[in-house]
Amino acid sequence: MKHNVKINGVIKEIDCKLGSDIVDKTGREIFEGDYLRWRNHMFGEMILQVKFYDGCFLVEDLDEDSDFQPQPLWEYLDDDVEILGEEYNHETDKQCDNAFGR
């Protein structure tokens, strides 16, 4: 999403994604657009992407053939979740969060 934000007194248009305030197993905050490795003793390992939809952070399986339905990110708090990669720059996203009072 593009937002006009004021950073150091200058208004800039920034493409920013929201931070979830949820951290992975290494302590890094998970952002909209991040790719996650999820390990579970019952289901094995899956690669998921974080989406923000209708006010909720969701995870989706990248495998189009999977029966996995999007689930709320908070349901994975107790599982082995690690950020693999990011679609957007976290530092820029933190500036957006600060500009919006988060």
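Student: How many aromatic pairs does the structure hold?

Tutor: The structure, a predicted model, holds two aromatic pairs. In one of them, the ring centres of Trp 38 and Tyr 76 are 5.0 Å apart and the planes stand at 85°, so this pair is edge-to-face. The cut-off behind that label is a plane angle over 60 degrees.

Student: Which parts of the chain does the pair of Trp 38 and Tyr 76 tie together?

Tutor: Trp 38 belongs to strand S5 (residues 35-40), while Tyr 76 sits in the loop between strand S8 (71-72) and strand S9 (80-85), so the pair links parts that are 38 residues apart in sequence.

Student: Are Trp 38 and Tyr 76 buried or exposed?

Tutor: Burial is read from relative accessible area, with under 20% counting as buried. Trp 38 has 5% and is buried. Tyr 76 has 9% and is buried too.

Student: Strand S5 has come up. What is the order of the strands in the open sheet?

Tutor: In general, strands of a sheet pair through backbone hydrogen bonds, and the pairing is either parallel or antiparallel. Here an open sheet of five strands runs in the order S8-S7-S6-S5-S9, and its pairing is antiparallel. S8 and S9 are the edge strands, each pairing on one side only.

Student: How many bridges join S5 and S6?

Tutor: S5 and S6 pair over six bridges in the antiparallel sense. As for individual residues, Arg 39 has Glu 45 in S6 as its bridge partner.

Student: Which residues have the most contacts inside the largest nonpolar core?

Tutor: That core has 14 residues, and those with the most contacts inside it are Ile 30, Leu 36, Val 50, Val 59 and Leu 73. Two or more residues each come from S5, strand S6 (44-53), strand S7 (56-61) and S9. S6 gives the largest share, three residues.

Student: What does Val 50 touch, leaving aside residues up to four places away in sequence?

Tutor: With that exclusion, Val 50 touches Ile 30, Phe 31, Glu 32, Gly 33, Asp 34, Leu 36, Phe 57, Leu 58, Val 59 and Leu 73. Among these, Ile 30, Leu 36, Val 59 and Leu 73 are also listed with Val 50 for the most contacts inside the core.

Student: Where does Gln 49 lie, and is Gln 49 buried or exposed?

Tutor: Gln 49 is in strand S6. Its relative accessibility is 7%, so Gln 49 counts as buried. The Gln 49 side chain makes a polar contact with the side chain of Tyr 35, at 3.3 Å. A C-alpha separation of 5.4 Å is found between Gln 49 and Val 59, which are ten residues apart along the chain.

Student: Which strand holds Cys 56, and how is its accessibility read?

Tutor: Cys 56 lies in strand S7. With a relative accessible area of 24%, Cys 56 is partly exposed. Not counting residues up to four places away in sequence, Cys 56 touches Lys 51 and Pro 72. The C-alpha atoms of Cys 56 and Pro 72 are 6.9 Å apart, and the two residues are separated by 16 residues along the chain.

Student: What does the side chain of Ser 20 reach?

Tutor: A side chain can also meet the backbone. Ser 20, in strand S3 (residues 19-23), reaches the backbone nitrogen of Ile 22 with its side chain at 3.0 Å. Ser 20 is buried, at 10% relative accessible area.

Notes: Residues numbered from 1 in each chain as written. Predicted model: local features only at pLDDT ≥ 70, side-chain atom pairs only at ≥ 80, totals over all residues. Heavy atoms only, no water. Phe/Tyr/Trp six-rings, centres within 6.5 Å; stacked < 30°, edge-to-face > 60°. Helix = DSSP H or I, 4+ residues; strand = E, 2+ residues; numbered from the N terminus. Buried < 20%, exposed > 50% of the residue type's maximum accessible area, 1.4 Å probe, protein only. Core = buried A, V, L, I, M, F, W, Y, C linked by side-chain atoms within 4.5 Å. Contact = heavy atoms within 4.5 Å. Pairing = 2+ DSSP bridges. Polar contact = N/O pair within 3.5 Å; in protein donor to acceptor, adjacent residues only side chain to side chain.
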